[in-house]
Amino acid sequence: MRNLFTRTAGRALLALGLTGAGLAGVVAVAGPASAATSCDFDMVSLEARNLQTDNGSQRDYVWLQVEDRWFPSGGDGVMFALGTTHTDAAFGYPIAGFGSSGLEVRLVLDKWPGNVTVDRETIACDAVTNATRTFSNGDAVYDLKYNVTD
């Protein structure tokens, strides 16, 4: 009973509203739907072409900061020796969705007493497969391979 009354009242109000709009000369025209741009970033691998730590241990410990998320999580960077390549698995599978303004990715070294940002890059929302982005600070050089799908 109540459902029937609600449906009938709703139809009456809809008809009244449409009639009022017609009498007032108001016409609502549907415009084209704006296409929202969204992409997905997926890390493939990271290669150490030159280390920040060229003496002593000759190892760097690396994180990727993808927007506000850290990879790998847990506080320990991934260990790199010169020429080492690690896949996305070592970093905990970095992925991120992003829009037309791009995605900021930073390569950060775990150095005591503070971290060192090697470089930051903005990844465009354009579909690519196995694209390479080089992160360098004049000493450390790393190549990030990644995919972007839209």
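## Overall make-up

Helices, of at least four residues, and strands, of at least two, are DSSP runs numbered from the N terminus. In this predicted model, the protein has one helix and 10 strands.

Of the 150 residues, 29% count as buried. The protein exposes about 9,300 Å², and carbon and sulfur atoms supply 54% of that area. Among contacts between residues at least 6 apart in sequence, 58% join residues at least 24 apart.

## Nonpolar core

The largest nonpolar core has 29 residues. Leu46, Phe80, Phe91, Leu107, Tyr142 and Leu144 have the most contacts inside this core. Elements giving two or more residues to the core include strand E2 (60–66), strand E7 (103–109) and strand E10 (141–149). Strand E1 gives the most, with five residues.

Leaving aside neighbours within four places in sequence, leucine 46 is in contact with residues including Val62, Phe80, Phe91, Leu107, Tyr142 and Leu144.

E2 pairs antiparallel with E7 over five bridges, and valine 66 has valine 105 of E7 as its bridge partner. Three bridges join E2 to E4, also antiparallel; here aspartate 60 is partnered by phenylalanine 80. E2 is joined to strand E3 (residues 69–71) by three bridges, again antiparallel, with glutamine 65 opposite tryptophan 70. E2 and E3 form a hairpin with two residues between them, and glutamate 67 in the turn has a positive phi of about 55°.

How values were computed:
Residues numbered from 1 in each chain as written. Predicted model: local features only at pLDDT ≥ 70, side-chain atom pairs only at ≥ 80, totals over all residues. Heavy atoms only, no water. Buried < 20%, exposed > 50% of the residue type's maximum accessible area, 1.4 Å probe, protein only. Contact = heavy atoms within 4.5 Å. Areas by Shrake-Rupley, 256 points an atom, 1.4 Å probe, with all protein chains shown as cover. Core = buried A, V, L, I, M, F, W, Y, C linked by side-chain atoms within 4.5 Å. Pairing = 2+ DSSP bridges.
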